[in-house]
Structure formats: structure tokens, C-alpha cells
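Here is a quick tour for anyone meeting this structure for the first time. Have a look at the sequence and the 3D view, then read on.

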Amino acid sequence: MYIISGCLLGQNCKYNGGNNFTGWVIEFAEKHNYISVCPEMAGGLKSPRPSVEIKDGRAVNCEGLDVTDAFQIGCRRVWEDAVRKAQELGEEIEGAILKAKSPSCGSGTIYDGTFSRKEIAGDGFLASYLKEKGIKVISELEINLED
């Protein structure tokens with residue numbers, strides 16, 4: 001079973017109310033068991049919502065509000081839901097396909113916290129959380145989850 005960012009599956013859960021529909025992710029999901037997730041919404045944030053970037057290890061929105069607690073709650077809820085679904089299916093969680101550069105889902109690269117679209121090395125909150133659990137995380141920019 002896989003964990004997949006809902007926005008990549010066409011769900012309108014992005015900060016701006018839209019999605020990041022990605023064809024190959026849809027095709028992958030059609031062939032595998034998965035759970036669709038949005039850790040930000042799972043943590044109680046709405047869509048649309050002010051954009052967020054990570055600054056000094058904290059999730060801070062463009063209005064200056066620290067929403068780290070919501071991000072952390074969302075990570076825990078996503079993990080609990082994924083574990084429960086995997087158990088129901090009798091499967092292991094094999095990996096995750098998460099939205100690139102996102103403050104919650106970015107893996108390897110995120111925005112730098114200045115809201116200038118500058119990228120830096122780092123992981124979003126959920127990507128980091130899943131990696132700590134031993135889950136392989138890739139973004140929609142990669143296509144080698146099963147390799």
C-alpha cells in the first residue's frame with residue numbers, strides 16, 4: 001500500500017484551493033492500493049489557506065502565523081490512518097508519493113521560508129516524518145518508487 005498526496009490525485013486540497021493533478025500518479029494509483037492524504041487539512045487547516053513555508057524548523061504562513069502544530073497533528077493523523085488502512089488490507093506501507101517542494105510533503109527540496117520561490121535542501125513535515133518511519137518517499141517529479 002502507498003501513501004499519496006491528494007493534490008496529485010486531483011483533489012482540491014492545495015493552499016490556493018486547487019490541485020496538482022499528475023497523470024502518472026493517477027495511473028500508478030489505479031494499479032496499487034493507496035491512501036490519499038493531505039496532512040495540512042488533516043491537521044485542521046482549510047483549503048484555500050494562506051501559503052506556508054518552513055522557516056527555522058517552523059511552519060509559518062505568509063501572514064506570519066505559526067501553524068507548526070497543525071502540520072504536526074496532520075502528520076500523526078496521516079500516519080495513523082495509513083497504518084490502519086494497511087492493516088485492513090493486510091499489506092505493508094511500501095512507499096509514498098508526495099508533492100514536491102511542499103512544506104508538508106516536499107522530499108529533498110523545499111522553499112526557503114522567504115516566500116520568494118527560492119529552493120533549498122530539506123524535507124517537509126510529512127516527508128520527514130515518514131522517512132523517520134522507514135518509508136521511501138518520492139515526489140511526482142520522480143517515477144522510480146518500485147525500483
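Tyr2 is tucked away in this predicted model: its relative accessible area is 3%, so it counts as buried (buried means under 20% relative accessible area, exposed over 50%, partly exposed in between, with a 1.4 Å probe and protein chains only). Residues are numbered from 1 along each chain as its sequence is written, and side-chain values use heavy atoms, with hydrogens and water left out. As the model is predicted, local features need pLDDT of at least 70 and side-chain atom pairs count only at pLDDT 80 or more, while totals for chains, interfaces and linings use all residues.

**Aromatic pairs**

- The structure holds 3 aromatic pairs (rings of Phe, Tyr and Trp, the last by its six-membered ring, pair if their centres lie within 6.5 Å; planes under 30 degrees apart count as stacked, over 60 as edge-to-face and the rest as tilted).
- One of them joins Tyr2 and Phe28 edge-to-face, at 4.8 Å centre to centre with 85 degrees between the planes.
- That pair ties together distant parts of the chain, with Tyr2 in strand S1 (residues 2-5) and Phe28 in helix H1 (residues 23-31), 26 residues apart. Helices (H or I, at least four residues) and strands (E, at least two) are DSSP runs, numbered from the N terminus.
- Is Phe28 buried or exposed? Phe28 is buried, because its relative accessibility is 10%.
- Phe71 and Phe125 make another edge-to-face pair, 5.5 Å centre to centre and 70 degrees between the planes.
- Here too distant parts of the chain are linked: Phe71 sits in helix H3 (residues 68-89) and Phe125 in helix H4, 54 residues apart.
- Both Phe71 and Phe125 are buried.
- Ring pairs also gather Tyr2, Trp24 and Phe28 into a cluster.

- H1 has Trp24, Val25, Ile26, Phe28 and Ala29 as its buried residues.
- What covers them includes S1, strand S2 (34-37), strand S5 (95-98) and strand S8 (137-139).
- In H4 (residues 125-132), the buried residues are Phe125, Leu126, Ala127 and Leu130.
- Just after H4 comes Gly134, with a positive phi of about 85 degrees.

- S3 and strand S4 (residues 58-61) pair in the antiparallel sense over 4 bridges (two strands pair if DSSP finds at least two bridges between them).
- Val52 stands opposite Asn61 in S4.
- The hairpin has 2 residues between its strands, and Asp56 takes a positive phi near 55 degrees there.

**Met41**

- Met41 belongs to helix H2 and is partly exposed because its relative accessibility is 36%.
- Leaving out residues up to four places away in sequence, Met41 touches Cys13, Ser47 and Arg49 (contact means heavy atoms within 4.5 Å).

**The largest pocket**

- About 530 Å³ of space lies in the largest pocket. On a 1 Å grid over the protein atoms alone, a pocket is an open set of points where a 1.4 Å probe fits, with protein on both sides within 12 Å along at least five of seven lines.
- Its lining has 28 residues, and Lys14, Tyr15, Ser102, Pro103 and Tyr111 lie nearest the centre; lining residues have an atom within 4 Å of a point.
- Helix H2 (39-42) and strand S3 (52-55) are the elements that give two or more residues to this lining.

How values were computed
Points joined across faces, edges and corners; volume = space filled by probe spheres on them.
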